[in-house]
Amino acid sequence: MSAIARRIPVISLLLVIAPALAAAQTASLLHRIEVAGGVGVLMGAALGSQNADLRTATTGQPYRLFSSSTRMSAAPIVDVRLGFPLGGRYAVEAHTAYGHPEIRTALSSDAEHAPDLTAIERLDQYVFDGGLVVSLDRWSVAGVHPFVTGGGGYVRQLHEGLVVIEDGRVFFAGGGVKHTIHTRPRGFIRGIGARADARLNWLSGGIHIDENVRRHVSVSGSLFVVF
Amino acid sequence: MTRHVRGAIAALMAAALTLNVSPAYGYLHLSVTTASGTKALVWKTPRVRWFASDRGVPGVTASQFQAEIAQAFATWEAVPTASIAFQFVGFTSASPNDEDGLTVLGFDSQPDLERVLGATSFVLDDVTGEIVESDVFFNAIFTWSVSAAGDPTRFDLQSVAVHEIGHVLGLGHSALGETEIRPEGGRRVLASGAVMFPISLGRGAIADRTLQPDDIAGASDLYPDGGFTENTGGLLGRVLLNGRGVLGAHVEAMSVATGAIIAGFSLRESGEFQIRGLAPGAYVVRVEPLDDADIESFFSATGVDINFQAAFSPRLAVAPAGGTSERFDVTVRPK
């Protein structure tokens with residue numbers, strides 16, 4: 001009985017102290033530049049269909065030589081982020097990512113029975129974007145701090161051989177979580193941690209067939225350093 | 001001393017070529033072999049002066065004929081990436097078959113050419129390849145139409161004129177089309193992807209009033225302008241069958257982005273082909289045997305192999321602006 005009675009104040013004390021430490025950590029990292037680097041995956045998306053149509057004597061009824069359907073495959077990405085706090089819960093972040101996805105064009109229904117085949121090309125794809133990060137500290141749990149983000153930027157795609165460049169735009173919305181692993185009250189490096197990001201990207205321009213905007217999901221995990 | 005040679009290319013129905021084709025290009029350019037090598041047939045005058053025959057046929061007056069031909073010339077002049085200009089001089093009673101220094105277009109009755117709608121002939125400087133004169137006759141044994149919407153019982157004059165004027169420029173035939181053999185002989189066109197396809201879409205069809213990407217690329221390659229050379233690219237590759245080159249394979253490049261098709265041929269024993277005039281980007285490459293018209297309507301080569309199956313290249317080929325793709329091979333299988 002008495003032992004239990006003694007533990008309750010101890011646990012209560014720990015619960016009281018823990019938020020205080022978390023608040024102290026957050027405060028110590030305020031107004032600091034954050035650099036993060038990580039890896040992830042940019043999921044694929046359909047780019048559209050295109051038919052090799054020839055003209056016929058009857059208008060409106062083309063002769064289909066073959067059909068094609070093209071998509072960009074999922075690919076690993078490496079990405080780097082640079083964050084600048086604005087104060088309070090807000091920060092701005094610059095981000096760049098590199099991937100090496102395949103363009104896969106499925107060819108079918110050939111008028112002269114050429115075997116169906118998927119023709120492939122590899123791209124080098126670079127994304128440069130920036131956005132606003134909003135911390136959701138009220139939903140922090142056990143030192144894991146959620147955030148939401150949104151923004152836009154530029155996409156640069158280089159075809160195989162790096163001789164043809166396609167430009168496009170990207171807009172994104174997403175979120176993630178951060179966890180600070182270690183902090184220091186002073187010094188050049190003030191903290192390190194890990195973060196996970198998930199984004200829904202809307203890509204327009206670049207390699208495309210239909211005019212509609214493509215949606216690519218990306219997820220990544222990073223380590224960050226606070227200076 | 002400069003000699004003039006006269007050649008003719010029949011159009012829209014098979015007939016033999018008496019001119020060469022240039023093997024380096026995708027689409028066929030007419031050429032002539034001279035002592036100093038093979039020369040592409042081109043006009044070197046800044047403005048080609050032409051005359052219209054003053055002879056009409058039932059359903060088409062001389063003035064209607066002139067208006068349709070002028071529109072056909074304007075169609076080629078409007079290609080933004082080519083620089084070629086034409087000038088109507090006047091009507092003439094001269095025949096479109098005379099070697100008289102005049103470029104004349106007109107009707108002429110040629111009953112012995114019962115499957116030829118029209119034909120183009122040239123007088124050339126066989127040293128430079130320069131076209132000195134080019135005449136076009138439209139076979140008066142057929143019935144012709146100048147109706148804006150076409151006449152299902154007649155051949156559309158403007159459509160045939162656009163094709164023939166392509167020859168006047170120096171273009172050969174495109175193989176971008178599909179045909180089937182008629183039980184009574186000859187071929188029926190199922191579809192065509194170029195005005196320069198050698199067989200007509202038939203009576204009433206007016207589709208050939210409008211140039212296709214293959215036609216535009218061919219004319220622009222002969223008379224480049226508007227950044228054509230800098231802003232377009234080419235594909236370079238080989239067609240192989242059992243490890244050896246295929247001569248005379250028809251190679252089609254379809255833009256993944258736009259669906260535009262520009263085609264060429266493998267015109268060397270090595271199976272090498274080159275297709276130029278492509279907008280930069282990725283292309284599907286398809287190879288098929290040259291079996292949709294008489295081979296002689298395209299070029300007069302021996303050893304053309306048509307005993308293989310149509311096939312796609314397993315890689316998308318990329319045409320860069322102002323250059324050519326990395327060389328690649330397309331392997332086909334025997335039939």
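Modeller: First, a term we will need: two residues are in contact if their C-beta atoms, placed from the backbone, lie within 7 Å. This is a predicted model, where local features need pLDDT of at least 70, side-chain atom pairs count only at pLDDT 80 or more, and totals for chains, interfaces and linings use all residues. Residues are numbered from 1 along each chain as its sequence is written, while chains are lettered from A and ligands numbered from 1 in the order in which they are written.

Colleague: How many helices and strands does the secondary structure of chain A come to?
Modeller: Helices (H or I, at least four residues) and strands (E, at least two) are DSSP runs, numbered from the N terminus. Along the sequence of chain A the pattern opens with α and goes on with β. The count is one helix and 12 strands.

Colleague: In what order do eight strands of chain A close into a barrel?
Modeller: Strands pair if DSSP finds at least two bridges between them. In this barrel the pairing is antiparallel, and the twist averages 25° from one strand to the next, with axes as lines fitted to C-alpha atoms and angles running from 0 to 180 degrees between N-to-C directions. The order is 1-4-5-8-9-10-11-12.

Colleague: Which strand of chain A gives the most to the side that touches chain B?
Modeller: In all, 32 residues of chain A are in contact with 33 residues of chain B. Two or more residues each come from strand 2 (45–54), strand 3 (63–72), strand 6 (102–108) and strand 7 (117–122) of chain A. With five residues, the one that gives the most is strand 2.

Colleague: Moving to chain B, how far apart are the centres of its domain 1 and domain 2?
Modeller: The bounds, from an automatic or database domain assignment, are 4–220 for domain 1 and 232–332 for domain 2. Across the boundary, 27 residues of domain 1 are in contact with 23 residues of domain 2. Taken over C-alpha atoms, the separation of the centres is 25 Å.

Colleague: Which element gives the most to the side of domain 1 of chain B that touches domain 2?
Modeller: Strand 12 (177–181) and helix 3 (213–222) of chain B each give two or more residues to that side. The one that gives the most, with four residues, is helix 3.

Colleague: How many residues of helix 3 of chain B are buried?
Modeller: A residue is buried if 20 or more other C-beta atoms lie within 10 Å of its own, exposed if 12 or fewer, and partly exposed in between, with C-beta atoms placed from the backbone. The buried residues of helix 3 include Pro213(B), Ile216(B) and Leu222(B), and they pack against elements including helix 1 (62–77), helix 2 (157–169) and strand 17 (261–265) of chain B. The number buried is 10 of its 10 residues.

Colleague: And which residue in the turn between strand 8 and strand 9 of chain B has a positive phi?
Modeller: Strand 8 (residues 118–125) has six of its eight residues buried, and pairs with strand 9 (residues 131–139) in the antiparallel sense over seven bridges. The two form a hairpin with five residues between them, and the residue with a positive phi, about 80°, is Gly129(B).
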